[in-house]
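Please open the model in your viewer and keep the selection panel at hand.

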Amino acid sequence: MSTEYPYPLKIRAIWWDGEDKRVCWLNTAKLPFTEEVKCSDEPPTLAKAIINMEIRGAPAIGVAAALGVAAYAHKIVERDLEEYTRMINEAIKLLWNTRPTAHNLFWALNRMKKKLHEGLGKGYSTDKITDMLEEEALNIMREDIESNIKMGEYGAELIPDKATIMTHCNAGALATAAFGTALGVIRVAWYRGKKIKVIATETRPVLQGARLTVWELAREGIPVTLITDNMAGYVIRKGLVDLVIVGADRITREGYVANKIGTYMIALAAKRNNIPFYVAAPTSTIDLDSTVNDIIIEERNPDEVRKVLGKPITLPEIPALNYAFDITDPDLVTAIITEKGVVKPPFDKNLKKIFE
Ligand code: MRU
């Protein structure tokens, strides 16, 4: 795989098992302690893996859902066309309802739906439609990797040599088909010889920063220092950070950015201390049809807050809020790095232009 691309793809979290026609994933819920690989062609298994965050990160859940639909199509290819169509639509619905915030999931499933309708419209057999669904899912996966590499190349231009970069959550290979968005930018800067360093926030309550970003960067040999989330403001104020780069789950037409809970506080601290705050996201994360009022912020089980790695840290009955994402206002964002180029404010005008 890595020979097809200009940079090595050292870490893959999602891939297609072409022999058995299944989607496979590295169970990120168990990292960094165990590297468990799972494969399935069953939509309920895949839906559960997305809900439980074995597969997570906006682009990764979109790619996995598309591959999951293709895998299921192979599994039920012998059914008659009517039943096959009903079952594929049910699978799409099940995957659609797993997580509400990331646009990439709906974007990818809409592409799969469109392919199904195209095949049906042309009067094709289940065999032929299944081949079309597999091809579309593989295109979605390949395009994600290519977009990440392009974003990396555009974004690396914005990174000064010897910069210290703060990132939040995990917007890396483990959150995409490969290479990553925010970490893709960091990777290209590193491969180009820039002597950068990364500060990763731990990202309570699921600890994507401590468990995933640190693991991913350490594997690349990129220097990384871990901080708790509540240190971010002080570390920025102290002048230890030159710029921030994060990923996104959804970007609205006005340029509001929904991303991992805690992103907004970091953006505020960056603005106050005059350091750039960049968002790296493919166009599959940008929803020109949605405004800030349409963003659905996922609320997860409060037990994730009452516990750390499954261990209770408070009274079991205490109420806890568990918003998985927050919203950063456009005026806090210096630029949005996409595979089509770097978009600068005003976002309400300039985001549209990259889709023209
Ligand atoms: O809850 P998660 O782990 O799915 O949240 C992931 C994030 O918030 C990422 O920053 C975002 O999806 C961008 S990943 C390239």
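Contact here means heavy atoms within 4.5 Å. This is a predicted model, in which local features need pLDDT of at least 70 and side-chain atom pairs count only at pLDDT 80 or more, while totals for chains, interfaces and linings use all residues. Residues are numbered from 1 along each chain as its sequence is written, and side-chain values use heavy atoms, with hydrogens and water left out.

Select Ile 159 to begin: leaving aside its neighbours within four places in sequence, Ile 159 is in contact with Ile 165, Val 185, Ala 189, Lys 194, Ile 196, Leu 243 and Ile 245.

Of its 79 residues, Ile 14, Ile 55, Ile 88, Ile 159, Ile 186 and Ile 245 touch the most other members. Apart from it lies another core, of 28 residues, among them Met 166, Ile 199, Ile 227 and Ile 236.

Finally, select Pro 205, Val 206, Glu 304, Leu 309 and Gly 310, which are the closest to the centre of the largest pocket among the 13 residues that line it. On a 1 Å grid over the protein atoms alone, a pocket is an open set of points where a 1.4 Å probe fits, with protein on both sides within 12 Å along at least five of seven lines, and lining residues have an atom within 4 Å of a point.

Terms used
Core = buried A, V, L, I, M, F, W, Y, C linked by side-chain atoms within 4.5 Å. Buried < 20%, exposed > 50% of the residue type's maximum accessible area, 1.4 Å probe, protein only.
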